[in-house]
Amino acid sequence: MTRFYFHSTGAFAYRDEEGVELADAPAAEAEALRVLGELLKDAPASLSRMGSLELEVTDAGGHRIFSLQVTARRTGC
C-alpha cells in the first residue's frame, strides 16, 4: 500500500496533510475522480463563483501522480 495525498486549489482550497493508503496509482486516480464528484455535488455554486478547481494527487515525496482540472465559464446568459 502507498500513501497518496489529495490537494485542491481554486473553488475548494485544501492541503491534505493526512493522505490515504491505496494499492497503487490507478486506485489513486479512481479516488481522485470520486472525490472530485463529491466536491462538485456538495457545493456546485462554489465552482461557479470561483471559476476553477484543480485536484492534485501526490505521493509521500510530493511528486505529482495525477491531476484533474475543472473550469466553469459563463457565456452570455
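Start by selecting R34, which is partly exposed with a relative accessible area of 45% (buried means under 20% relative accessible area, exposed over 50%, partly exposed in between, with a 1.4 Å probe and protein chains only). This is a predicted model, in which local features need pLDDT of at least 70 and side-chain atom pairs count only at pLDDT 80 or more, while totals for chains, interfaces and linings use all residues. Residues are numbered from 1 along each chain as its sequence is written, and side-chain values use heavy atoms, with hydrogens and water left out.

**Stop 1: along helix α1**

A salt bridge here is a side-chain nitrogen of Lys or Arg within 4 Å of a carboxyl oxygen of Asp or Glu. R34 and E31 are separated by about one helical turn because they sit 3 residues apart in helix α1. E31, with a relative accessible area of 19%, is buried.

Next, select E38 and K41, whose side chains form a salt bridge at 3.6 Å, N to O. This pair too is 3 residues apart in helix α1, so about one helical turn separates E38 from K41. E38 counts as partly exposed at 32% relative accessibility, whereas K41 counts as exposed at 58%.

Now show the whole of α1, residues 25-42: the helix lies across β1, β2, β3 and β4 and runs at about 150° to β3. Axes are lines fitted to C-alpha atoms, for helices over the stretch in contact, and angles run from 0 to 180 degrees between N-to-C directions. Contact means heavy atoms within 4.5 Å.

**Stop 2: the sheet**

Hide the side chains and look at the cartoon. The protein has 2 helices and 4 strands, and along the sequence they follow the pattern β-β-α-α-β-β. Helices (H or I, at least four residues) and strands (E, at least two) are DSSP runs, numbered from the N terminus.

In what order do the 4 strands form the open sheet? The order is β2-β1-β3-β4, with antiparallel pairing; two strands pair if DSSP finds at least two bridges between them. At the edges are β2 (20-22) and β4 (64-71), each pairing on one side only. From one strand to the next, the twist averages 25°.

Colour β1 (residues 2-10) and β3 (residues 52-59): 7 bridges join these antiparallel strands. Zoom in to find Y5 with its bridge partner T58 in β3, then F6 with V57. On the β2 side, β1 pairs in the antiparallel sense over 3 bridges, and F4 has V20 as its bridge partner there.

Stay on β3 for a moment. This strand is largely enclosed by the rest of the structure, because 6 of its 8 residues are buried.

**Stop 3**

Select D59, found in strand β3. D59 is buried yet has no salt bridge, and the nearest side chain of opposite charge, R15, is 9.9 Å away (Lys and Arg count as positive and Asp and Glu as negative; His and the chain ends are not counted). What does the side chain of D59 reach at 2.9 Å? It reaches the backbone nitrogen of H63. Leaving aside neighbours within four places in sequence, D59 is in contact with R3, Y5 and I65.

Follow the chain onward: β3 and β4 form a hairpin with 4 residues between them, and G62 in the turn has a positive phi of about 85°. These two strands pair in the antiparallel sense over 7 bridges, with E54 standing opposite Q69 in β4.

**Stop 4: S67 and its surroundings**

Select S67 in strand β4, which counts as partly exposed at 22% relative accessibility. S67 and E56 are 11 residues apart in sequence and 4.3 Å apart in space, C-alpha to C-alpha. The side chain of S67 makes a polar contact with the side chain of R64 at 3.4 Å, and another with that of Q69 at 3.4 Å. A polar contact is a pair of N or O atoms within 3.5 Å; within protein, one must be able to donate a hydrogen and the other to accept it, and residues adjacent in sequence count only if both atoms are side-chain atoms.
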